[in-house]
Amino acid sequence: MQHLSRFSQTRNVDLGLSVGMENRGWALLHSKEASFEYSHSIIDLLFRPQQSKYFESYFSKFPFESKDIVNKFDSLYDELEKSVKEKSYDDIIKAATGFLEKNSIKTPFEQGNFIARVNAFYTHRLSRSSESERSNFFHSLSLKEQEQHFSTIMQRVDILKAQSLALAATGDLWDHPADPISQIRSEIALTLHVAQKNQKESSRKDRVFDLSQAMSMAAYLPAFIFDIDPCTWTAEPEKPTQSDSAVAKNPKNGNKKTIDDYFFPADLEGDPKCSCDCGDPECKPTDPCCGKINYYITDVLELREKTVAYIPSSLAYIENVAPGETRERVHQFSKNIEVYSEDEITTTQLEERDHQVTDSSKLQKEIKKQMQASLDVEAKFNGGNYSVNTNASASRDVAEQSAREKFKEIVTKAKESIETESRSLRTRRVSTGTSEVNTHTQTAGETAVVAKYFHVSDKKQGQVYSHGLHLMMDILIPSPALRFKELQRRKASAAFKLEAPRKPNVTLENIDPAKHSSYIEFYELADAPSPPIVAGDVFYKTYQGNAGDIISVNVPAGYKATNMILVDGDINRSGAHTKGSISCEFGGGTVTLWKAATNKPPDITMSSTIALEGVAVANFTGFQANEKSWLKVKITFTPIAVDLGPWKNDMITLIMENYKAEMQAYEDALTEHEMQFKEKEQEMHPFTAEEHIRIQMKQSAIHMLCEKFDDDDVVNLMAEPCGYPEINRKAATKATKRWHFFDRAFDWKRAEIIFYDYFRNPMCKWAETFDPDESNFMLKAFSRAGYARIQIPVTLAMEYDVLTYLKTGKTWGGNGEPPSDPSDPRYTAVTFELKHSYDCYQNDRDGVITAITRTGSTTNEVLATDQVLLEGSNFYLDILGNVSHQVIDLDRNHEIFINGVVYRLLDIVQDPASSAPNINWILTLDRILESPILVDTSDPSSSLIEYKHAIGAKFIGDKFFFELPTDLIWLGDGKDNCLPEYPIDC
């Protein structure tokens, strides 16, 4: 657990849960927490009293004196703490920015040559420097320069503390170029260096401390800094009108008056509501605020199992053959498949097995069934393995014992269930593909033959392990499966090649008889009615006839004759008549021309209203007028008003019926496609399903950690000149560093997930989530979950980076750069990533292992013992070079891997034959070292072989055993046919 020293931010509650945590770093202490009776230096300003006491002997004759401090830090501390208690974000920003305006932060170079040199050496060169280089640098600092520097160091550190606190409150501590935290570290290093040199010059014999470790110690911030939460301290803002206006996680940069100014800046007004196509309804803006993530420190426990032997269990079958009798038993294995077709396909499948033991589940499969019994309450897994939670309020010993007993209880229940199933189910019905007949013959001699068949059980060894204290993220996620289901839906839709028919846009207002033929062709209509003929404009036609003529008049379709007027005519009277007339009769109307006595005007009937359709005749008749009399008339033809309503209704009905038929065919095809897609999903291997669940939960957890997934500029999907995807190097370099942080900072393979009831889903989703059609138990629990709880261990050595991210939203400790120095405990090589992918959690350690030997029965025989010697390791020393019994206690009872073989590490003691600074360690194992010990086995004086080693998980309690039924049957009469025990000696 040496990696806990990398915690650089933590709350007081975490300090209480961490072993020796408060002694592994310095802090921005209020004077009420400090003590000035030990060092009378800046050590008292930054280290707790119990820490300062360690350094008391170094400062008994410190050569310099410093002026009293001004306590600007205490004043700012009190003001900020009060504002946090009152949840006044504006007052926090006002106090912090106001202090920084009055006390501007200067870089070391702006403070003079001495401070610049000190900061550059201790910050950048100290870890790589030799003892002689450190000594040379120290002597390059003149005594006068040191005296001037230390005369004001208390005031300077007090202001640096206050500036660091103000920057932490505004969120700019990790971005500021002056880096006041590094300046404080360099002041600590210089002070300790002076004290160390003074100690040597006064011939003190105390062990010196390592300045490099002093520079890497964590810097603790006051607990109230972590409680600053502007998202929950202000009134809920109005719904934004753009989706991307509320991106930032920590509203603190710049001169901002209100939280709304940060979340909804004016320069983003008018942006589109959403850049993606969400269909109906429209996309809604994302939540601008981040949730508060609960975290704590706890033990990570794991159950491992392995097969140690196969043993006979209950009697399965007895077969007797009397003396002189031959018994023949026929074993038939048959298959019948019947398929018939109507509107659907029904398949009947049959298989019968004689003397066949039913299939037995493996232990973890049955554990799932045990958990499935409480599905309506919760379901839980952690990436294929199983684990239990321990009570955080219990002592560690009680918690470990409780966890171990819980594991044994689960295993026992699962085993009993398997045994019940294995003994009760004698016949199964499944589908097969062959027909097989086996004949077994047994012949008895003078004595009877009794064949006894036994069930075979798999004897397992179980052991509970602890992976030690880890910082854990505890996140609650609502409706965890909704995104997965939407992805499935879109994937199924993308694989479906048919397009949905478009609904015709035909109405009584826009359907046009002139497009009748187009409708028939486009919609493939049959028996479409022809539209009624619609005539054109009114037109006129003249007809002329003599008396006695009959003229046929054809009224065009869609017209009717509506009027007839007299145009012209002449009457030739017959004989001595003084008057006469000529008329035209047509359609029930008559026009007449009269001629009276000489020199008198004719009497005329000029017009007549008629109503006639179709073909008719016009009769020209004379009265006292001969055949030479004639008459010309003009007939008006008026279009008949047509009602297109019935035709339009008929056409719309036909078109919509055709659309409904196409839509039904489309929906039937889509339903069939979805069923086939669903069948493929149900055939998904359980491990594949759990991998999907893990990835979806990982994405949701990262989203809850306030990470976005909108890095669309990383890849140019249509790059010139040919439209191939192309990586945008600059954007990709920046984004992938952030992505890698989330994969490196959290141990996702050990994440533990619990699913809760469906009714926490949106109410509109209840019908599809209360009982999903999923054959896989875990996928069903995931699909129906209303919310889920995921507990994620933080990777060791990444605690500081994770807590920095939770506070500031900045990755990799605030600078966004992954570690590139192999000496950085956060650095991971490719080999580590490969080991981690195979669930290998060994921690490689420095130093080499050699055997501690003993003499055998002869003086030339060299034998190994259960003890080994560890050389070249300072792992069990503290910062002052003393033996750290706390670290030793943390390694006891752990796995230790030597030459690929795992042992139990029972004890660690200092080799009495070694002394500082090169201390060796004697490690006691649970058994004799099994690896070769000599380079040349034939030469007893040969050198010892040096081995690397690694430390694994801690053993919790002793191993325990249980039996797991199998589907195997054993004929147990043969004395030489024993069941195997492991390891098998071939």
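A crossing of two helices is left-handed if the near helix is turned anticlockwise from the far one by less than a right angle, and right-handed if clockwise. The views below show a predicted model, in which local features need pLDDT of at least 70, side-chain atom pairs count only at pLDDT 80 or more, and totals for chains, interfaces and linings use all residues. Residues are numbered from 1 along each chain as its sequence is written, and side-chain values use heavy atoms, with hydrogens and water left out.

**View 1. Helix 4 and helix 5 cross in a left-handed way.** Helices are DSSP runs (H or I, at least four residues), numbered from the N terminus. The axes (lines fitted to C-alpha atoms over the stretch in contact, with angles from 0 to 180 degrees between N-to-C directions) of helix 4, residues 72-85, and helix 5, residues 89-102, come within 9 Å and cross at roughly 165 degrees. Helix 4 is therefore roughly antiparallel (over 145 degrees) to helix 5. Contact (heavy atoms within 4.5 Å) involves residues including Leu76 and Leu80 of helix 4 and Ile92 and Phe99 of helix 5.

**View 2. Trp26 belongs to the largest nonpolar core.** Such a core is a set of buried Ala, Val, Leu, Ile, Met, Phe, Trp, Tyr and Cys residues joined through side-chain atoms within 4.5 Å; buried means under 20% relative accessible area (1.4 Å probe, protein chains only). Of its 101 residues, Trp26, Met473, Phe746, Phe755 and Ile790 touch the most other members. Helix 9 (residues 153-170) gives the most to this core, 10 residues.

**View 3. Helix 22 is mostly covered.** Seven of the eight residues in helix 22 (residues 777-784) are buried, among them Phe777, Phe782 and Arg784.

Terms used:
Helix = DSSP H or I, 4+ residues; strand = E, 2+ residues; numbered from the N terminus. Parallel < 35°, antiparallel > 145°, perpendicular 65-115°, else oblique. Buried < 20%, exposed > 50% of the residue type's maximum accessible area, 1.4 Å probe, protein only.
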